[in-house]
Amino acid sequence: LGPPEPVAPPRPPDAARPVLLIVEDNPDVVEYLSACLAKDYQLEYAYNGQAGIEKALELIPDIIISDVMMPEKDGFEVCDTLKHDERSSHIPLVLLTARAAVEDRIAGLRRGADAFLAKPFHPEELQVVLANLLELRRQLQARYSLSAPRPEPSAAPPADPEDAFLQKLQAVVESRLAQADLSVEEISRLLGMSYPVVHRKVTALTGRSLTLYVRLLRLLQARLLLADPALSVADVAYETGFNDPKFFSRVFSEEFGMSPTAFRQRASG
């Protein structure tokens, strides 16, 4: 099924730990956060808001902690920029501030912050907030890992930006469904993003690499085509971009727990 998946630029070692970007200009706070989090996270740093935006879009980290009061761009601007950029909208973001007034928290939440912590905070509180946000992301992965979001019947675009992104990816794949050599770089280009960004966003949303998620989209279309008795299993394989029907049958069975023939028989019965 197409060329091999390209290698994304390497992340720091120990990929089992989530990548956490700290955007903070106060060295003492950076040191404190590092002491609290270095054991459980791969830490990356930016020391002002503009640098934080640039580093977030370069790395596509798993989670971000940003101070509110910073030079160049404050934390509200960091949050607003990243949450309204398709490349980074999915990344959980925690705002830290010494200003604990309700209106400040509301301002942060309105900009799209996922959580708000007032300084000084307890290390355990920070750990729990981060763990909860990552658990929500795992639940999101479970939602997307076995199916693709379907367009709403109405003409209105989906309210969820991640649904919108995955629907756009699905539309690109379906428009070239029979093209076995459709590469992930070409898909990324058609989405208007670089391959590393698309790969990391898709992996964050679905728990699958971009290559494996594209294969899932092809297999989901194959299930629909198998309902047509005029098409042989080999025909379905070729029409969904698999140039080897045996390979198609194997990955179909791995994905859905039955062969294409058995699926067709069950669906027709």
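Here is a short chat about the cores and helices of a predicted model.

Trainee: What should I know about the model before I start?
Mentor: It is predicted: local features need pLDDT of at least 70, side-chain atom pairs count only at pLDDT 80 or more, and totals for chains, interfaces and linings use all residues. Residues are numbered from 1 along each chain as its sequence is written, and side-chain values use heavy atoms, without hydrogens and water.

Trainee: How many residues has the largest nonpolar core?
Mentor: 56. I64, L82, F165, L169, I187, L210 and F248 have the most contacts inside it. A nonpolar core joins buried Ala, Val, Leu, Ile, Met, Phe, Trp, Tyr and Cys residues through side-chain atoms within 4.5 Å. Buried means under 20% relative accessible area (1.4 Å probe, protein chains only).

Trainee: Which helix gives the largest share of this core?
Mentor: Helix α9, residues 210–225, with eight residues. Helices are DSSP runs of H or I, at least four residues, numbered from the N terminus.

Trainee: Switching topic. At what angle do α5 and α8 cross?
Mentor: Roughly 95 degrees, with the axes of α5 (residues 123–145) and α8 (residues 195–206) coming within 6 Å. Axes are lines fitted to C-alpha atoms over the stretch in contact, and angles run from 0 to 180 degrees between N-to-C directions. The two are therefore roughly perpendicular, a label for 65 to 115 degrees.

Trainee: Which residues of α5 make the contact?
Mentor: R137, L140, Q141, Y144 and S145. From α8 come T203, A204, L205 and T206. Contact means heavy atoms within 4.5 Å.

Trainee: And α2, which residues are buried there?
Mentor: G49, G52, I53, A56, L57 and L59. Just after α2, I60 takes a positive phi of about 50 degrees.

Technical notes
Buried < 20%, exposed > 50% of the residue type's maximum accessible area, 1.4 Å probe, protein only. Parallel < 35°, antiparallel > 145°, perpendicular 65-115°, else oblique.
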